[in-house]
Amino acid sequence: MEDPAAAESSPIVHPIAWRVATVAEIVLETPRVRTLVLDASGWPGHRAGQHVDVRLTAGDGYQTERSYSIASPPEEARIELTVERLEDGEVSSYLVDDLGVGDPLELRGPIGGYFVWSVSDGGPLMLVGGGSGIVPLMAMLRHRAAASEEVRRKTPARLLYSSRSWNEVIYRDELARLAAADDSLEVVHTITRAPPAGWTGFHRRIDAAMLAEIAWPAASTPHLFVCGPTPLVEAVAEALVALGHDPQSVRTERFGPTGPSS
Amino acid sequence: MTSPISRGFRGRRPAAGTAARLPPGQYVTNDFPVLSAGPTPHTPLSAWDFSFGDAGGNSAKWSWAEFEALPHETITRDIHCVTKWSKFDTVWTGVSVDTIIAAAAAKGVTTAPFIVAACDGGYTTNLPLEDVTGGKAWLAATFDGKPLHPEHGGPVRLLVPHLYFWKSAKWVRQIHFRQRDEPGFWEGLGYHMRGDPWKEQRYTGDE
């Protein structure tokens, strides 16, 4: 019987084999984003923050691969991938527009040992995300939500989440429910373009002043995870270092559309 | 195992010439994504130096001015990131690792079969010596004709285009010769020890 502590720290079997999962359910998150709920029999388990490589195969054998963060926590039997349709995205447009319930999806994982967090790592936990960068952070929050109230109180968490509009906030309702049910979790949104009527929250890109207000101070030595488009991650990471956080404690994952910042 | 057909997937095939240059599982981008782990270090040139060290404690060091005085060459190469993007015909200038190893040898530094590159911010990566010699690697200071931006590893990064780009260590400051192949940052976190994109050696255990 495998030592559970070892499994938690390294649940990766080498080599990481390709396997075929089946789409069990599809959840429409926002107009451009949907979640694929997958049955992946024999899945070896994963840690919150890890990702999978997905491979598509056309009829003539042409193949292409991309990586997607796992949205589901390790406690869930089914693997969930939340995918944003990128403008001109070869794979994302297929996954969001064409893939259907019952279809196969070839993937391998879990991959990644750096951008991961478990409740046993302790807190406080500071998560900063932009757009689809919320996905690995949500896996961490869902994993934390599965722990007892006592554990959660010992690992308080804050999420600062930047979205362009209220309609584009991924997991909006679930985040509200998690925060309402948990005194030790705080969710703060900033809407950069079109806030809803009557909005009194932040209405700008995440900057140093916002982080000084919302983030745990350096003296608390929080576990810091930043995920989203490169310009956001660059700005946030630099600001956190300027606020006194040890650079090596600022974990970053840069993805989503790259190119000139919008 | 045969991959299942993705029902309805037509894909976007690269042109034949492009396809031949793409290692398995890669796609071409015109972008230049930044995927570093952690914040970007910003080392001023006045504080920058680069050194080679061996197990015997011998070392050779260059200030920025001394590094600039070494012979630089311009090279054009395709680069391949383990996160699946490839970028063709990237243009760099830098000092060939062969050149700087020879200069270090003249100062008493002896080579060994493996190296570890150590960088500002704490990043490390390991390579066999033969993967950074014989005209395969550079210490690169410009990209696309301009000084290398810190986001992309400036002032100087290691450039080893024939391997996955995590081996092209950003913000490199020291190279240590080692008798054994010791895993660096990503290699210790599940990534392949060598990282040959043509064999799709992405993760530990891939062959």
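Residues are numbered from 1 along each chain as its sequence is written, while chains are lettered from A and ligands numbered from 1 in the order in which they are written. Because the model is predicted, local features need pLDDT of at least 70 and side-chain atom pairs count only at pLDDT 80 or more, whereas totals for chains, interfaces and linings use all residues.

Chain A is assigned domain 1 (4-111) and domain 2 (119-254), with bounds that come from an automatic or database domain assignment. The C-alpha centres of domain 1 and domain 2 of chain A are 23 Å apart. Between them, 15 residues of domain 1 of chain A are in contact with 14 residues of domain 2 of chain A; two residues are in contact if their C-beta atoms, placed from the backbone, lie within 7 Å. On the side of domain 1 of chain A that touches domain 2 of chain A, the elements giving two or more residues are β1 (19-30) and β5 (79-84) of chain A. Helices (H or I, at least four residues) and strands (E, at least two) are DSSP runs, numbered from the N terminus. That side of domain 1 of chain A comprises six nonpolar, five polar and four charged residues. In this classification Ala, Val, Leu, Ile, Met, Phe, Trp, Tyr, Cys and Pro count as nonpolar, Asp, Glu, Lys and Arg as charged, and the others, Gly among them, as polar.

The two chains also touch each other: 40 residues of chain A and 34 residues of chain B take part in the contact. On the side of chain B that touches chain A there are 12 nonpolar, 13 polar and nine charged residues.

Chain A contains an open sheet of five strands in the order β9-β8-β7-β10-β11, with parallel pairing; two strands pair if DSSP finds at least two bridges between them. Its edge strands, β9 (185-194) and β11 of chain A, each pair on one side only. Neighbouring strands of this sheet are turned by 10 degrees against each other on average, direction ignored. For such angles, axes are lines fitted to C-alpha atoms, for helices over the stretch in contact, and angles run from 0 to 180 degrees between N-to-C directions. Parallel strands β10(A) and β11(A) are joined by five bridges, and Gly228(A) has Arg254(A) in β11(A) as its bridge partner. Helix α3 (residues 134-145) of chain A packs on the sheet, where it touches β7, β8, β10 and β11 of chain A, and its direction makes about 145 degrees with that of β8(A).

Helix α7 (residues 230-242) of chain A has 13 residues and spans 18 Å from its first C-alpha to its last, close to the 18 Å expected at 1.5 Å a residue; the expected span is 1.5 Å times one less than the number of residues. Buried residues of α7(A) include Leu232(A), Val233(A), Val236(A) and Leu240(A). A residue is buried if 20 or more other C-beta atoms lie within 10 Å of its own, exposed if 12 or fewer, and partly exposed in between, with C-beta atoms placed from the backbone. The buried residues of α7(A) pack against β7 (125-130), β8 (157-165), α6 (208-214), β10 (223-228) and β11 (250-254) of chain A. Just after α7(A), Gly244(A) adopts a positive phi of about 105 degrees.

Chain B has an open sheet of five strands, with the order β3-β2-β11-β6-β7 and mixed pairing. β3 (59-63) and β7 (124-128) of chain B stand at the edges with a single partner strand each, so one side of each is left without a neighbour in the sheet. The twist averages 15 degrees from one strand to the next. Strands β2 (residues 49-53) and β11 (residues 172-178) of chain B are parallel and share three bridges, whereas β6(B) and β11(B) run antiparallel and are joined by six. Elsewhere, β4(B) and β5(B) form a hairpin with four residues between them, and Lys84(B) in the turn has a positive phi of about 100 degrees.

Most residues other than glycine have a negative phi, and most peptide bonds are trans. Asp88(A), in the loop between β5 and α2 (92-98) of chain A, has a positive phi near 70 degrees and is exposed, with 9 other C-beta atoms within 10 Å. The peptide bond from Gly123(A) to Pro124(A) is cis, with omega near 0 degrees, and a cis peptide bond also joins Gly154(B) and Pro155(B), with omega about 15 degrees.
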